[in-house]
Amino acid sequence: QVQFVESGGGLVQPGGSLRLSCAASGSILTFYAMGWYRQAPGKERALVAVVKTNGVTNYANSVKGRFTITRDNSKNMVYLQMNSLEPDDTAVYYCNGAVNSAYVPSDYWGQGTQVTVSS
């Protein structure tokens, strides 16, 4: 069983930046891809960005051009650089491994990290 620990969230003003980190307790190469997901109040959890083992990335339309996902396989770490943050980006952010090409997440959810974008 792999555990994920997210960090780096906080309160930021609109237009600001944050960098989220995710530490996995085991090899992230066991997953088809690694992803960041978010859940806003009253909404379902949604995929934000994924990075495959070969480094190919994919993003939700709402964050394209603003967010960048990266991974360090040697350290079992995944990162999400978030720029030009907007109030609609406010959510709890989670990382997880995707088990197939449909980016279905594994059952191993961490505690997440809260991101609040507000003036």
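User: In what order do the six strands of the open sheet stand, and what is the pairing?

Analyst: A general idea first: strands of a sheet pair through backbone hydrogen bonds, either parallel or antiparallel. This is a predicted model. In it, six strands form an open sheet in the order β2-β10-β9-β4-β5-β6, and the pairing is mixed. β2 (10–12) and β6 are at the edges with a single partner strand each, so one side of each has no neighbour in the sheet. On average, and ignoring direction, neighbouring strands of this sheet are turned by 25° against each other.

User: How many bridges join β4 to β5, and do the strands run parallel or antiparallel?

Analyst: Strand β4 covers residues 33–39 and strand β5 covers residues 46–52; they run antiparallel and are joined by six bridges. You can follow the pairing residue by residue. Alanine 33 has lysine 52 in β5 as its bridge partner, and methionine 34 has valine 51 in β5.

User: Which glycine takes a positive phi in the hairpin of β4 and β5?

Analyst: Glycine 42 does, with a positive phi near 75°. This hairpin has six residues between its strands.

User: What joins β5 to β6?

Analyst: Three bridges join β5 to strand β6 (residues 57–59), and the two run antiparallel. Alanine 49 stands opposite tyrosine 59 in β6. β5 and β6 also form a hairpin, with four residues between them. In that turn, glycine 55 has a positive phi of about 90°.

User: Where does valine 48 lie, and is valine 48 buried or exposed?

Analyst: For strands there is a general rule: in a regular strand the side chains alternate between the two faces of the sheet. Valine 48 lies in strand β5. Its relative accessible area is 2%, so valine 48 is buried. The C-alpha atoms of valine 48 and alanine 98 are separated by 12 Å, and the two residues are 50 residues apart along the chain.

User: In what order do the four strands of the other open sheet stand?

Analyst: The order is β1-β3-β8-β7, and the pairing is antiparallel. The edge strands are β1 (4–7) and β7 (67–72), each of which pairs on one side only. Neighbouring strands of this sheet are turned by 15° against each other on average, direction ignored.

User: How many aromatic pairs does a search of the whole structure find?

Analyst: The search finds four aromatic pairs. One of them is formed by tyrosine 37 and tryptophan 109, with 5.3 Å centre to centre and 85° between the planes, which is edge-to-face. Tyrosine 37 lies in strand β4, while tryptophan 109 lies in the loop between β9 (91–98) and β10 (113–117), so the pair ties together parts that are 72 residues apart in sequence.

User: Why is the pair of tyrosine 94 and tryptophan 109 edge-to-face?

Analyst: Planes over 60 degrees apart count as edge-to-face. The planes of tyrosine 94 and tryptophan 109 are at 80°, with the ring centres 5.8 Å apart, so this pair is edge-to-face. Tyrosine 94 lies in strand β9 and tryptophan 109 in the loop between β9 and β10, so the pair ties together parts that are 15 residues apart in sequence. Tyr37, Tyr94 and Trp109 form one aromatic cluster.

User: Why does tyrosine 37 count as buried?

Analyst: Buried means under 20% relative accessible area. Tyrosine 37 has 4% relative accessibility, so tyrosine 37 counts as buried. Tyrosine 94, at 12%, counts as buried too. Tryptophan 109 has a relative accessible area of 29% and is partly exposed.

User: Which residues line the largest pocket?

Analyst: The lining consists of Arg38, Ala40, Lys43, Glu44, Ala46, Pro87, Asp88 and Thr90. By type, the lining divides into three nonpolar residues, one polar and four charged. The volume of the largest pocket is about 190 Å³.

Terms used
Residues numbered from 1 in each chain as written. Predicted model: local features only at pLDDT ≥ 70, side-chain atom pairs only at ≥ 80, totals over all residues. Heavy atoms only, no water. Pairing = 2+ DSSP bridges. 1 Å grid on protein atoms, 1.4 Å probe; cavity = no way out; pocket = protein on both sides within 12 Å on 5 of 7 lines; lining within 4 Å. Points joined across faces, edges and corners; volume = space filled by probe spheres on them. Nonpolar A, V, L, I, M, F, W, Y, C, P; charged D, E, K, R; others polar. Axes fitted to C-alpha atoms, helices over the stretch in contact; angles between N-to-C directions. Phe/Tyr/Trp six-rings, centres within 6.5 Å; stacked < 30°, edge-to-face > 60°. Buried < 20%, exposed > 50% of the residue type's maximum accessible area, 1.4 Å probe, protein only.
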